[in-house]
Structures are given as structure tokens and as C-alpha cells.
Amino acid sequence: MTRLHLGVFFTGVGPNLLWTEPDFADHTHIDTFIHVVRTLERGLFDAFFLGEGLRVRENRGTVYDLDVAGRPDAITQLAALAAETTHIGLVATQNTTYNYPADLARRLAGLDAVSGGRAGWNIVTTDNAWTGENFRHGGWLPHERRYERATAFVETAKALWRNERVHLDTDLVTLDATGAVPPSPQGRPVLFQAGDSDGGRELAARHADVVFSANTDYDKAVAYAADLRARLARHGRSADSLRILPGASVVLGDTLDEARERARWITREQTTGPRAIAFLEQYWGKDLSGYDPDGPLPDIDPADGELDPSRGTIPIELRTGKLERIAGWRALAFDRGLSIRDLVIEVTPRHNTFIGTPGQIADEWTRYVRDRAVDGFNLLPQLLPGTVEDIVDRLVPELQERGVYRTAYEGTTLREHLELPPL
């Protein structure tokens with residue numbers, strides 16, 4: 001039976017969450033997370049994901065105070081939520097660049113044990129120096145080697161979960177250890193991996209149980225799934241051994257026009273004037289606070305030199321060609337009469353947003369999952385708890401009516417929810 005799988009990804013910081021809205025729940029209070037995760041469990045979601053931040057964000061060398069500063073440790077927070085729930089999976093984003101394999105494997109296994117087999121690990125990599133400074137490494141890991149370390153890290157963790165003795169001595173990982181935590185009912189934490197790069201796809205094909213993707217456009221999703229399943233075959237894995245859950249947002253309305261109008265409001269609220277100015281400051285390398293975000297682009301030239309690669313919040317592919325990019329922005333803004341804020345809205349990469357009535361979105365998702373373009377979606381809410389409550393109360397029943405979404409949990413572990421083959 002074709003079934004749609006759903007998770008919610010709580011990033012904790014960044015423009016996606018409208019955390020300054022009056023009806024947004026306390027951003028860091030445990031009661032907010034308990035309410036959200038119980039709502040998701042009522043909606044029969046597969047999993048709740050927490051993002052990770054190993055350092056508060058910065059802009060031009062100072063704390064970026066447009067985000068909530070910092071977030072609680074994911075494993076600690078999810079352990080608290082395990083006691084408040086019975087079925088939903090609990091997925092911690094944890095970094096392979098700035099952790100140690102034996103320590104992290106033990107902590108993740110501990111979460112898996114106390115939750116009764118509901119833990120997952122969202123595997124992420126980092127290469128930037130500003131995070132590395134918190135770990136006495138600086139920019140020690142070149143960008144192109146981050147997946148090399150991640151692969152060794154994951155292979156080590158899997159061996160430790162099998163209680164095998166591991167000895168590694170490379171320039172990326174040095175270790176001599178054995179496992180220290182008994183297996184949970186699902187054997188080990190479910191492995192999630194995000195990334196569309198070639199290295200990310202290879203890591204997913206070799207080791208992941210679930211992969212995130214930015215490819216939510218139907219044709220791109222089909223091509224991505226075909227590529228990933230071909231890689232699975234090369235690694236001797238079946239197509240059914242990996243679930244594809246792209247990241248996406250949802251905007252619901254009673255009519256399509258109402259949903260579109262709400263989506264426009266959300267986009268402008270996400271791109272406030274100060275955020276738009278800060279976005280351009282990254283590229284200009286100068287203080288632009290004197291410019292009106294609803295006025296024209298800065299009339300001054302950017303600072304010399306390319307973007308500082310240690311920033312980490314700018315995708316690697318956008319850190320070069322600054323002058324050409326800014327020239328293109330100037331031409332676009334002139335041709336279309338765009339303000340700074342309008343331009344930033346236009347050029348900022350965004351997660352795909354499904355916009356429409358609950359029935360319209362349910363029809364679209366049914367097509368995606370029945371064609372095996374995706375196995376489900378990892379949803380990014382804009383408002384908490386409002387967005388989550390809308391999806392559970394209005395969209396989930398439509399999916400159930402179409403026969404692509406569960407009407408009850410049929411297992412107790414995250415692996416069972418995702419219908420993954422047993423280990």
C-alpha cells in the first residue's frame with residue numbers, strides 16, 4: 001500500500017518561523033514543544049525533528065539579533081518529550097564535524113533506549129570556521145572533506161551500535177572503542193541525511209534510512225528519486241530501504257485565493273526590513289543600516305574581495321562571483337522597480353510551499369506519493385502551534401479520505417512508522 005509519511009522540522013532560528021507574531025508560543029519553553037509534539041502525535045505523524053545550532057548566528061562579526069539566540073540541546077529536549085508521548089519518532093540533528101563518534105553514538109543510543117525505539121539521527125556536516133571556533137578547531141576541515149569525515153563517523157557509530165570494537169587512525173577520525181548501550185526495540189536510531197550535493201547523495205545511498213531533499217517541484221522530485229535509487233542499487237540496497245522526504249511548507253486557505261494571499265503575507269513577514277538589509281550586508285561587506293529597506297538598492301560599491309567563506313550561512317556555491325551577482329540584482333531591481341526588500345524576497349532561495357485548500361494539497365500530495373516521486377514530506381511550520389494545528393485538523397483528514405495516510409499507528413518504533421525493512 002502506498003502511504004504518505006510526514007514529519008515536522010523545527011529549525012529553532014531563522015526567517016521561516018514568524019516568532020515575533022503575537023500568537024506565536026514561547027519559542028524555547030518546554031510547554032510549547034510538549035503541545036506541538038502531542039498535536040503531531042494526534043495527527044499520526046512519523047516524527048518530530050529538532051534543528052541544531054552550535055553557535056549563535058552572526059552578521060559581519062556581531063551577533064545576529066534578528067533570530068532567537070541559540071536553542072536547547074536537541075537530545076536533551078527530545079528525551080523530555082519522550083516521556084510526554086508514546087508513538088511519535090524523535091529526531092535529533094547532530095553534527096559529524098564537531099562531535100566525537102563514540103560519545104555521540106552513546107548519547108543517541110541513550111535517546112533510542114529511553115524512548116522505546118523512537119529515536120532518529122539527522123546527520124549534518126559543517127565546515128565553517130565561525131562554528132569551529134567554539135570547538136578549538138577553527139576552519140580545520142576543508143569543505144570538500146566534510147562528507148569524507150561524515151562517512152567514517154557514521155560507519156563508526158553503526159559499528160558501535162552493533163557492539164563491535166572499532167579502531168580508526170586517520171587524519172579525520174582517531175578512535176579505539178566499543179559500544180556501551182544495549183540496542184533498543186528498533187535496533188539503532190533511524191538515520192536521516194540532508195543534502196542535494198553529490199557527496200550528500202552518496203552518503204545517503206550508503207547509509208541513510210531517510211533522506212531530505214529540496215526537490216519538491218514534481219519533475220525535479222522524480223529526477224532526484226531516480227538518481228538516488230540508482231545509487232542505492234550500486235551500493236547493494238533496495239529501493240524500499242530509503243524514504244525520501246523533501247522539506248516543504250504548507251499554507252492553507254478556505255479558497256485558493258485566500259491561501260495565496262496568506263502566503264504573500266507570510267513571505268513579507270519572513271523578510272522584514274532589517275532582515276533584508278542584513279542579507280545585502282553579507283554581499284556588500286559594509287554597514288547598510290542607513291538605507292531604507294523599502295527604497296532602492298545601495299548606491300555604493302561593495303567591499304573588495306569575495307565573501308568570507310567562514311560565515312557558513314551562505315551556500316558554498318554563492319560565495320564567489322559576488323560582483324556579477326550584485327550587478328544582476330541591480331539590473332533586476334531597475335527593470336522591475338524593486339525595493340531592497342522586494343529584491344531580497346525575489347532572490348532568496350526558499351523551501352517549496354504548497355498553497356491551496358486542504359483538498360487541493362491532498363490531491364497534489366496523493367499524486368506525488370503514488371508516483372513514488374516522494375515518500376512524504378518534512379514540513380517547516382511558519383507559526384507555532386497554529387500551522388501544526390491547521391495541518392493536523394484540516395489536511396490530515398483529507399489525506400486519510402484519499403487512502404494515502406494512516407488512520408492509526410500500527411507499530412511503536414520510528415522504523416515501523418516509516419515502514420522500513422528490519423535491520
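**Helix pair α10/α11**

I looked up how α10 passes α11 and found a right-handed crossing. I am working from a predicted model. For the geometry, I noted that the axes of helix α10 (residues 322-336) and helix α11 (residues 340-347) cross at roughly 115° and come within 10 Å. I then listed the residues that meet: from α10 I have Trp-329, Leu-332, Ala-333 and Arg-336, and from α11 Leu-343, Glu-346 and Val-347.

**Sheet**

I traced the strand order next. I read an open sheet of ten strands, β11-β10-β9-β6-β5-β2-β1-β14-β12-β13, with parallel pairing. Its edge strands are β11 (243-244) and β13 (353-356), and each of these pairs on one side only.

Strand β9 (residues 190-194) pairs with strand β10 (residues 210-212) in the parallel sense, over three bridges. I checked Ala-194 and found its bridge partner in β10 to be Phe-212.

**Helices on the sheet**

I asked which strands helix α12 (residues 358-370) lies across. I found β1 (5-10), β12 (247-252), β13 and β14 (376-379), with the helix running at about 135° to β13. Helix α13 (residues 386-401) also packs on the sheet, where I see it touching β1, β12 and β14. I noted that the direction of α13 makes about 90° with that of β12.

**Aromatic rings**

I counted aromatic pairs and got 18. I took Tyr-98 and Phe-135 as one case: their ring centres are 5.2 Å apart and their planes are at 10°, so I logged the pair as stacked, since planes under 30 degrees apart count as such.

Tyr-98 is in the loop between β5 (89-95) and α3 (101-114), and Phe-135 is in the loop between α4 (129-132) and α5 (146-161). The two are 37 residues apart in sequence, so I recorded the pair as tying together separate parts of the chain.

Is Tyr-98 buried or exposed? I have it as buried, with a relative accessible area of 4%.

Last, I checked Tyr-218 for a charge over its ring: Arg-367 lies over the face of Tyr-218, at 3.6 Å from the ring centre.

Key. Residues numbered from 1 in each chain as written. Predicted model: local features only at pLDDT ≥ 70, side-chain atom pairs only at ≥ 80, totals over all residues. Heavy atoms only, no water. Phe/Tyr/Trp six-rings, centres within 6.5 Å; stacked < 30°, edge-to-face > 60°. Helix = DSSP H or I, 4+ residues; strand = E, 2+ residues; numbered from the N terminus. Buried < 20%, exposed > 50% of the residue type's maximum accessible area, 1.4 Å probe, protein only. Lys NZ or Arg CZ within 6 Å of the ring centre and 35° of its normal. Pairing = 2+ DSSP bridges. Contact = heavy atoms within 4.5 Å. Axes fitted to C-alpha atoms, helices over the stretch in contact; angles between N-to-C directions. Left-handed = near helix turned anticlockwise from the far one by under 90°.
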